[in-house]
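Visitor: I have not looked at this one before. Could you take me through it, please?

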Amino acid sequence: MSKMTNIMALNGNEAIAEAMKQINPDVVASYPITPQTIIVERFSEFVSDGLVDTEFLAAESEHSAMSSCIGAAAAGGRTMTATSSQGFALMLEMLYIASSMRLPIVMAVANRALSGPINIHCDHSDSMSGRDSGWIQIYSENVQEAYDNIIQAIRISENKDVRLPVMVCMDGFTTSHCVERVEILDETSVKNFVGEYEMHNSLLDIEHPVTYGPIALQDYYFEHKRQLLDAMDHAITVIENTSEEFEKLSGRKYGLVEAYNMDEAEIAIIVIGSTAGTVKSFIDGSGNNKLGLLKIRSFRPFPIKEITNKLKNCRAVAVLDRALSPGSLGGPLFTEVRSAFYDEQTKPIILSYIYGLGGRDTTTNMISQVYQDLESTIKTGKTGKLVNYLGLRGE
Amino acid sequence: MIKKGWRDLPKGGLILSAGNAIEYKTGNWRKEIPVIDLQKCNNCMICWIFCPEGTISVIDGKVTGIVMSHCKGCGICAAECPTKVIEMKMETNE
């Protein structure tokens, strides 16, 4: 563990800005949007105060911000940005360009519901709309994880076997705006951990001219997409290795998933983001070793083996989704978890719960209800409704 | 031309060498073929300027022909030729 750990009281946005200051990227191009604004605001202060060498570009839209990041990364700079919700949606076209050009950009996302109706509070509908964009997606439960994940994301993104952009997500307001105790590493340790940026195929390297973004039609497009899948496969190992190295530095353990109270668990909840904290709190209060939690840290790449392995002894599992896929069966996490179990000999009963849309509060009482549902499912053998809604009126 | 598999291509769809457009044979886009009457050509070089693919061959200031591996058959040369010595004809399999 690092000798020079600073304890600070920061919200998620400030902690991410702090991590960005320590990383000192070459370029940050961004546009402010609630609830991410404080990241950009705080970072621009660091630029004004001369605490970073970063070229800071206040773009005129998120589409321009991501386009600028793509240009900066192709030119050979370590590049970062941040966004939320509608800004994310406006970037979406360029997200695919960034990943297909294999540019290591790191972006913080303060998750917020997509309009409409217009809403500024948390759900995962923004980043879930980018789940097929070819970006790695790492989700944070709290402020500490948001800070730690940003630092690790640089290493994951720039790894030569990966070279994919990474988005580090945290729950809007719940994590982005709540002040928590955070252990901040000393700047030298962070700089050593992320290392010097190694340029690849820089557009500015006139000795080795390179073309970015040429057309690839029926003859080559498919092959390039297959390469991207390969990079995602490599990311599984790279995320694990980076977590191990980060643990040596910080003492904090990470992985593709986090299993909580799972050793003897018969029923479990699978969830992404800050609600994992609510579930942990309920489990701790219950003192019941039959209740488990599996938190998904890496949604892309999707850690199929880890999920089926950690849940193999469970009899019933509830998958909590904070996003809709209208017309599908349950939320995006539910369909993928269920699919992951298809080839398993023994598999738990798997139920879908949609929760927290538009920032709807998710309480320990609701978590209690989910565990009760799972328990009665085991006892009666009847699954009841496959897709359920937590805290929705009129159910 | 044998196309490479996904493992052998540069990552990110990049082209890692310069000046390789010549390897992309645009000649097979052609439906009509320009036929130039070199006897009547006054070597004004207007076709040479206008050709989007740079297919007009010139040796010692004189037009010597059109490189068919890259001529797309767009007909710009025929349209711009002031002496009307380039004629667009239907491409045949001969």
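Visitor: How many residues does the contact take from chain A and from chain B?
Guide: This is a predicted model. In it, the contact takes 16 residues from chain A and eleven residues from chain B.

Visitor: Which helix gives the most to the side of chain A that touches chain B?
Guide: That is helix H8 of chain A, residues 221–250, which contributes four residues.

Visitor: And what is that side of chain A made of, by class?
Guide: The side of chain A that touches chain B has six nonpolar residues, along with five polar and five charged ones.

Visitor: Changing topic: in what order do the six strands of the open sheet in chain A come?
Guide: The order is E9-E11-E10-E13-E14-E15 in chain A, and the pairing is mixed.

Visitor: Why is one side of E9 and of E15 left without a neighbour in the sheet?
Guide: Strand E9 (257–260) and strand E15 (387–389) of chain A stand at the edges and have a single partner strand each, so one side of each lacks a neighbour there. As for the angle, neighbouring strands of this sheet are turned by 20° against each other on average, direction ignored.

Visitor: In what sense do E10 and E11 pair?
Guide: Strand E10 (residues 267–271) and strand E11 (residues 291–296) of chain A pair in the parallel sense, over five bridges. A:Val271, for example, has A:Lys295 in E11(A) as its bridge partner.

Visitor: Which strands does helix H12 touch?
Guide: Helix H12 (residues 364–380) of chain A packs on the sheet and touches E10, E11, E13 and E14 of chain A. The direction of H12 makes about 135° with that of E10(A).

Methods: Residues are numbered from 1 along each chain as its sequence is written. Chains are lettered from A and ligands numbered from 1 in the order in which they are written. This is a predicted model: local features need pLDDT of at least 70, side-chain atom pairs count only at pLDDT 80 or more; totals for chains, interfaces and linings use all residues. Two residues are in contact if their C-beta atoms, placed from the backbone, lie within 7 Å. Helices (H or I, at least four residues) and strands (E, at least two) are DSSP runs, numbered from the N terminus. Ala, Val, Leu, Ile, Met, Phe, Trp, Tyr, Cys and Pro count as nonpolar, Asp, Glu, Lys and Arg as charged, and the others, Gly among them, as polar. Two strands pair if DSSP finds at least two bridges between them. Axes are lines fitted to C-alpha atoms, for helices over the stretch in contact, and angles run from 0 to 180 degrees between N-to-C directions.
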